Amino acid sequence: MHRQQVPRSVYVHIPFCKHKCYYCDFNTYAVQGQPVSDYLHALELELHQTVEQLPPGQIDTIFVGGGTPTILDNEQMRYLITMLEQAFPDRSPSLEFTMEANPGTTAPDKLQVMRAGGVNRISFGVQSFQNELLEAIGRIHRVDEVYESIEWAREAGFDNLSIDLMFGLPRQTLDNVEQSVNKALALKLPHYSLYSLKVEEQTLFHTWYEQNRLPLPAEEEELAMYRLIMHKLEAAGYHQYEISNFASPGKESRHNIGYWCNHSYYGLGAGAHGYTRGRRHVNVKGVQEYIAAATAGLPIAEQWEVSREEAMEDYMMVGLRMNEGIHQAAFREQFGVHVDTVFASQLAACIENGLLERTITGFRLTERGRELGNEVFAAFVGVHV
Ligand code: SF4
């Protein structure tokens with residue numbers, strides 16, 4: 001059986017936003033009229049039951065995501081932070097406590113509440129430095145609010161800041177991307193995440209796409225955008241440690257690295273995923289349903305034992321996302337077999353196609369492999385090893 005770990009990471013989901021962006025398929029709802037306080041009480045109930053059933057050890061990373069956690073008012077924010085403090089009192093001295101934030105929902109006093117409560121890393125959903133593009137994708141903020149939020153965060157004492165940018169947006173040009181990246185780099189932040197737009201089902205963009213009303217850049221253009229991003233970030237001294245993530249040394253997101261290394265974690269909140277004691281679970285999605293479920297017991301919608309085979313596939317799929325790739329010795333330690341025995345044909349095919357390369361310690365994506373990541377990951381799924 002694969003090794004089971006005591007979770008050292010916590011994910012908490014806040015499923016509210018000002019309104020829904022046109023491309024977003026996350027479990028989040030326009031906040032107006034939502035029972036936010038009831039949701040927080042339900043979250044507290046889930047927390048109590050969870051730590052009672054699986055007492056935590058020392059916590060190394062906490063990530064509050066969404067949604068828009070900074071949609072909470074100051075009192076709700078304090079309440080959330082306090083319940084986390086009470087549930088997870090034993091924290092590593094180097095705890096990484098990240099909160100996602102969106103420009104347009106932060107204010108100096110709210111950032112101070114977060115800082116005073118131990119949050120020490122903020123990931124801002126910026127997406128673009130062009131107002132027309134922000135409007136075209138349904139974001140609520142404008143570019144001046146990005147600068148304002150970052151300045152306020154710095155004033156509140158945050159130095160570990162990250163921003164998300166998107167490429168492959170409708171009507172976005174290579175020039176637009178270059179300008180956004182230049183503006184992002186001028187902020188001299190320790191971390192940047194760059195994602196390409198995926199048109200997901202049940203989004204407004206999907207409807208427009210079906211109606212031929214979504215003028216997306218051509219595939220080659222999107223590839224050129226990704227290459228430009230990699231080039232500019234690396235030239236500015238950031239190292240790409242994962243397909244979409246770039247950091248100054250030591251500023252990689254430890255929480256996300258935990259996911260990519262298949263470590264276990266508590267997952268709390270509506271629709272949240274968790275991975276504990278060799279089992280994955282997903283919580284009830286809807287806000288009202290979640291509140292009702294958490295009042296009656298653990299609000300789990302589905303739970304399943306991760307088989308050894310599934311764990312090996314996950315290991316490859318998420319491990320290869322990281323630029324250093326996967327380590328043969330770590331794979332052997334976790335599963336008791338050699339990776340090249342288990343995945344011999346998949347590895348050989350990917351190497352032959354120039355998507356993977358051998359390193360001294362294991363395997364990693366080539367530059368072409370990073371560009372065609374999904375093709376590589378698909379090779380390791382459902383192979384029934
Ligand atoms: S702010 Fe983020 S989570 Fe909220 S709707 Fe927009 S993309 Fe989705």
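I started with Gln202: it counts as exposed, with 8 C-beta neighbours inside 10 Å. My cut-offs, with C-beta atoms placed from the backbone: buried is 20 or more other C-beta atoms within 10 Å, exposed is 12 or fewer, and partly exposed is in between. This is a predicted model, where local features need pLDDT of at least 70 and side-chain atom pairs count only at pLDDT 80 or more, while totals for chains, interfaces and linings use all residues. Residues are numbered from 1 along each chain as its sequence is written.

Gln202 is not a glycine, yet its phi is positive, about 60 degrees. I found Gln202 in the loop between β8 and α7 (204-210). Helices (H or I, at least four residues) and strands (E, at least two) are DSSP runs, numbered from the N terminus.

Next I checked Lys188, another non-glycine with a positive phi, near 50 degrees. Lys188 sits in the loop between α6 (174-186) and β8 (191-196), and is exposed, with 9 other C-beta atoms within 10 Å.

Then the peptide bonds. Gly66 and Gly67 are joined by a cis peptide bond, with omega about 15 degrees. I placed Gly67 in the loop between β4 (59-66) and α2.

Both glycines turned up again around the ligand, in a list that also includes Cys17, Cys21, Cys24 and Asn102. Near here means a C-beta atom, placed from the backbone, within 6 Å of the molecule. I sorted that shell into four nonpolar, six polar and one charged. For the classes, Ala, Val, Leu, Ile, Met, Phe, Trp, Tyr, Cys and Pro are nonpolar, Asp, Glu, Lys and Arg are charged, and the others, Gly among them, are polar.

On to helix α3 (residues 108-116), where I noted Lys110, Leu111, Val113 and Met114 as buried. Seen down the axis of α3, these fall within an arc of 155 degrees, so they line one face of the helix; the arc is that of the directions from the helix axis to the C-beta atoms. Asp109 and Ala116 are exposed on the face turned away from that buried side. The buried residues of α3 pack against α2, β5 (91-101) and α5 (143-155). Just after α3, Gly118 has a positive phi of about 100 degrees.

The largest nonpolar core has 73 residues, and Val10, Tyr11, Leu84, Tyr192 and Tyr290 touch the most other members. Helix α2 (residues 74-87) gives the largest share, six residues. Another core, of 17 residues, lies apart from it and has Tyr315 and Phe363 among its members. A core here is a set of buried Ala, Val, Leu, Ile, Met, Phe, Trp, Tyr and Cys residues joined through C-beta atoms within 7 Å.

Last, the domains. The assignment, automatic or from a database, gives domain 1 (9-260) and domain 2 (308-379). Their C-alpha centres lie 28 Å apart. Each domain puts eight residues into the contact, where a contact means C-beta atoms, placed from the backbone, within 7 Å. On the domain 1 side, β9 gives the most, three residues.

Which residues does Trp260 touch, not counting those up to four places away in sequence? I got Glu242, Val318, Gly319, Arg321 and Met322. Trp260 lies in helix α9 and counts as buried, with 21 C-beta neighbours inside 10 Å.

Methods:
Two residues are in contact if their C-beta atoms, placed from the backbone, lie within 7 Å.
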